[in-house]
Amino acid sequence: MTRNFFTVPLLAAAVAASVPAATKPKLVLAVVVDQFRYDYLTRFRSSYTGGLSKLLANGSVFTNAHYDHFPTVTAIGHSTFMSGATPAISGIIANDWFDRGSGKTVTSVTDKTAKILGGKGEGGASPRRLLVSTLGDELKIANGTTRVIGISLKDRSAILPAGHMADGAYWFDASDGTFVSSDYYFPDLPGWVRDFNAARPADKYVGAEWKSGDGKVVYKKMAPTADAAFYKSIPATPYSNELIEAFSERAISAEQLGRHDSTDLLAVSFSGNDYVGHDFGPDSPQVRDMAIRVDHLLGKLFQYLDREVGMANVVVVLTADHGVAPIPEVSTARKMPGGRMTAGVIQSTVQAKLTEKYGEGKWVISPSEHSLYLNLTLMAEKKLNQTEVIESAADAALTIPHVFRAYTRDQLSRGGLAADQIGRRVFNGFYGQRGPDIMVLLEPNWLFGAKGTTHGTGFGYDTHVPIIFMGPGIKAGTFHQRIAPNDVAPTLATLLAVETPNGSVGRVLDEIFLRD
Ligand SMILES: [Zn+2]
């Protein structure tokens with residue numbers, strides 16, 4: 001390793017390291033905390049003492065980062081993070097969508113040609129539906145020795161940030177409590193993964209009690225035996241994030257991350273916050289506790305990296321894949337707008353209207369609540385004008401109370417949208433080959449589902465997320481300008497002097513760079 005003394009002043013603001021700093025970052029640690037709203041940084045700030053506290057004190061902190069697409073869901077947030085692309089360009093338009101070719105719903109990572117390695121081994125997954133390159137891909141194209149690894153509880157959250165050329169992506173099989181992967185990456189699970197699984201790390205939580213910080217309230221008591229119900233309950237507890245952190249440490253060591261000639265990339269997504277958030281909502285003590293525990297886990301991971309690689313050699317970036325709406329009953333109690341929609345009301349209203357106007361038939365062929373795919377074959381059989389039928393469907397949706405807007409395929413293809421940020425976000429989320437015929441949006445704080453809460457809208461509570469960079473060459477400071485998570489990948493590509501991912505629409509946040 002050659003040390004260039006001219007770059008030492010650049011590293012002065014980097015956190016103290018026990019290992020000497022290299023000329024170029026040795027590792028990028030790209031962290032997503034699933035469903036972590038921006039306001040969790042400010043509301044719980046006084047309780048953070050670990051990794052989040054370090055990031056807030058030593059990093060470039062953006063206070064106004066908003067996603068610029070609709071719908072704001074996990075697969076899209078994770079594909080945007082390391083590609084800088086919108087769904088209109090990346091092709092990742094949702095967590096799952098209706099595939100007209102097969103007449104079935106597919107997920108963002110479904111791949112019939114791939115096999116799951118480990119766990120129950122059901123289904124197949126790969127990054128093949130992602131149309132664009134990621135930062136990891138560009139690093140590997142530039143440097144043959146770079147290692148790229150993705151880790152999460154969810155397949156999409158491990159696979160999509162890592163990209164096509166990744167050396168591995170690993171996620172959790174909640175049916176048996178182990179980490180799995182896909183034969184897209186290698187013919188068999190690496191030995192270190194098999195060893196990790198063989199030690200049954202999830203089983204130590206049998207009978208555990210998830211308690212509040214002061215120990216007074218028990219949020220959840222885990223089942224007393226390591227059975228199917230026990231493993232299934234792990235995601236919506238802090239234990240899922242602990243497993244992700246432990247697995248990440250093992251990956252750093254086994255894959256020698258940060259010890260190659262070129263920069264390595266580890267993308268880690270903590271999913272536990274999302275499961276707990278859906279159940280209890282952003283105003284619950286459980287969500288607050290999960291945030292504080294993520295702060296501790298990040299602190300643990302940084303300490304481990306400091307020993308192994310030296311934090312002065314690590315660039316950290318942290319964001320969330322989306323926010324979340326308040327629980328509708330909480331909104332009501334606050335005298336704020338919001339409420340719950342009846343399941344299936346949009347499909348049934350559109351179906352009834354089209355039947356009345358054009359005759360019998362199955363007009364709505366997809367199951368999603370607000371992305372409707374209509375029966376184009378039936379329209380052709382009845383010799384109907386497709387554009388007219390789709391417009392009738394949108395008009396029908398707009399008669400339903402608390403429907404905010406409905407956009408047709410024609411509008412989305414031609415860009416004839418309302419010239420505001422909601423219209424722009426819907427446009428950015430539409431990819432013609434995979435997209436629906438109408439997209440229906442609800443008013444703020446309205447959602448489908450009889451309990452809990454969700455995300456997906458283009459409103460601030462879903463779009464506003466943290467973005468923090470920390471490490472060599474990066475300033476400590478707070479930045480208030482409006483940015484988007486699309487800016488992360490091109491900024492890192494510039495910092496690392498590799499090509500910007502090919503679908504990126506982001507800006508290089510050069511205000512964060514330390515200069516000579
Ligand atoms: Zn998510």
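Predicted model: local features only at pLDDT ≥ 70, side-chain atom pairs only at ≥ 80, totals over all residues.
Residues are numbered from 1 along each chain as its sequence is written.

View 1. The protein chain is divided into domain 1 (8-329 + 456-510) and domain 2 (342-401 + 403-442), with bounds that come from an automatic or database domain assignment. Their C-alpha centres lie 34 Å apart, and 16 residues of domain 1 are in contact with 17 residues of domain 2, a contact being two C-beta atoms, placed from the backbone, that lie within 7 Å. On the side of domain 1 that touches domain 2, α4 (87-90) and β3 (96-99) each supply at least two residues; helices (H or I, at least four residues) and strands (E, at least two) are DSSP runs, numbered from the N terminus. The residues of this side divide into eight nonpolar, six polar and two charged, where Ala, Val, Leu, Ile, Met, Phe, Trp, Tyr, Cys and Pro count as nonpolar, Asp, Glu, Lys and Arg as charged, and the others, Gly among them, as polar.

**View 2. The open sheet of 10 strands.** The strands of this sheet follow the order β5-β8-β7-β6-β11-β1-β12-β18-β2-β19, and the pairing is mixed; two strands pair if DSSP finds at least two bridges between them. At the edges stand β5 (116-117) and β19 (477-479), each with a single partner strand, so one side of each is left without a neighbour in the sheet. Strand β6 (residues 148-152) pairs with β11 in the parallel sense over five bridges, and I151 stands opposite V268 in β11. Helix α6 (residues 155-162) packs on the sheet, where it touches β1, β6, β7 (168-173) and β11, and its direction makes about 160° with that of β6; axes are lines fitted to C-alpha atoms, for helices over the stretch in contact, and angles run from 0 to 180 degrees between N-to-C directions.

**View 3. Strand β1, covered on both faces.** In β1 (residues 27-33), seven of seven residues are buried, with L27, L29, V31 and V33 on one side and V28, A30 and V32 on the other. In a regular strand the side chains alternate between the two faces of the sheet. Seven bridges join β1 to β11 (residues 264-270) in a parallel arrangement, and A30 has A267 as its bridge partner there. With β12, β1 pairs in the parallel sense over six bridges, V32 having T319 as its partner.

**View 4. Helix α2 and its cover.** Six of the eight residues of α2 (residues 51-58) are buried, so this helix is largely enclosed by the rest of the structure. The buried residues are G51, L52, K54, L55, L56 and N58, and what covers them includes α1 (39-43), β2, α11, β12 (314-319) and β18 (464-470).

**View 5. The largest nonpolar core.** This core has 149 residues, and those with the most contacts inside it are L29, L266, A393, A397 and I438; a nonpolar core is a set of buried Ala, Val, Leu, Ile, Met, Phe, Trp, Tyr and Cys residues joined through C-beta atoms within 7 Å. Helix α11 (residues 285-308) gives the most to the core, with nine residues. Leaving aside its neighbours within four places in sequence, L29 is in contact with L266, V268, L305, V314 and V316.

**View 6. The open sheet of three strands.** Its order is β14-β16-β15, with antiparallel pairing, and the edge strands β14 (371-372) and β15 (403-408) each pair on one side only. Two bridges join β14 to β16 (residues 438-442), where I438 is the bridge partner of L372.

**View 7. Backbone details.** Most residues other than glycine have a negative phi, and most peptide bonds are trans. A cis peptide bond joins F70 and P71, with omega about 0°, and P71 has its place in the loop between β2 (60-66) and α3 (74-83). N445, in the loop between β16 and β17 (446-448), has a positive phi near 65° and is buried, with 22 other C-beta atoms within 10 Å. A497, in the segment after α19 (488-496), has a positive phi near 55°.

Terms used: Buried ≥ 20, exposed ≤ 12 C-beta atoms within 10 Å, placed from the backbone.
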